[in-house]
Amino acid sequence: MSVVHKMRRMETDLHLHLDGSLSMDVVRTLAERIGYDLEGKDLKKLLCVGDDCASLAEYLSCFDLPGILLQTEDALELASCDLVKRLAAQGLVYAEIRFAPQLHRQKGRPLSEGYRQAAGRAVCMQGSCSAPW
């Protein structure tokens, strides 16, 4: 009698941009926190390009709204935690999540170690984070 074992393929993502991976729920939450009015705006168009994307400038415009929303340590931690939880739910076992700290200083905040730590705090065992919701 032979036994067939099914092995689950280990999924990884080695280059994932935090500001390009925000869920619609996180976008709404962060917008509400800072008083950014989303009424009447098509979030999908603001955050995603279509198959007919014609230029790098058009592609990069999808990072404008996340750049506005991710200006505090709490916002970075919330977004990171949400992403880690979604990746874990999809079965990812490893991800390298990137963000550019210099883009998260639009309000004139100094580049502190706290910004780097905010994203790091969200990387916890199996996505069980404690970011403030």
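## Helix α1 and its contact with α5

Helices α1 and α5 are roughly antiparallel to each other, a term for angles over 145 degrees. This is a predicted model, where local features need pLDDT of at least 70, side-chain atom pairs count only at pLDDT 80 or more, and totals for chains, interfaces and linings use all residues. Residues are numbered from 1 along each chain as its sequence is written, and side-chain values use heavy atoms, without hydrogens and water.

The axes of α1 (residues 24-34) and α5 (residues 73-89) cross at roughly 165 degrees and come within 11 Å. Axes are lines fitted to C-alpha atoms over the stretch in contact, with angles from 0 to 180 degrees between N-to-C directions. Helices are DSSP runs (H or I) of at least four residues, numbered from the N terminus.

Which residues meet where α1 touches α5? Contact means heavy atoms within 4.5 Å.

| Helix | Residues in the contact |
|---|---|
| α1 | Val26, Thr29, Leu30, Arg33 |
| α5 | Asp74, Ala75, Leu78, Ala79, Asp82 |

By class, the contact of α1 with α5 has five nonpolar, one polar and three charged residues.

Now the two sides of α1. Val26, Val27, Leu30 and Ala31 are its buried residues (under 20% relative accessible area). They lie on the same side of α1, because their arc around the axis is only 130 degrees. On the other side of α1, Asp25 and Glu32 are exposed (over 50%). The cover over the buried residues of α1 includes α2 (43-47), α4 (64-69) and α5.

Just after α1, glycine 35 takes a positive phi of about 75 degrees.

Conventions:
Angles under 35 degrees count as roughly parallel, over 145 as roughly antiparallel, 65 to 115 as roughly perpendicular and the rest as oblique. Ala, Val, Leu, Ile, Met, Phe, Trp, Tyr, Cys and Pro count as nonpolar, Asp, Glu, Lys and Arg as charged, and the others, Gly among them, as polar. Buried means under 20% relative accessible area, exposed over 50%, partly exposed in between (1.4 Å probe, protein chains only). The arc is that of the directions from the helix axis to the C-beta atoms.
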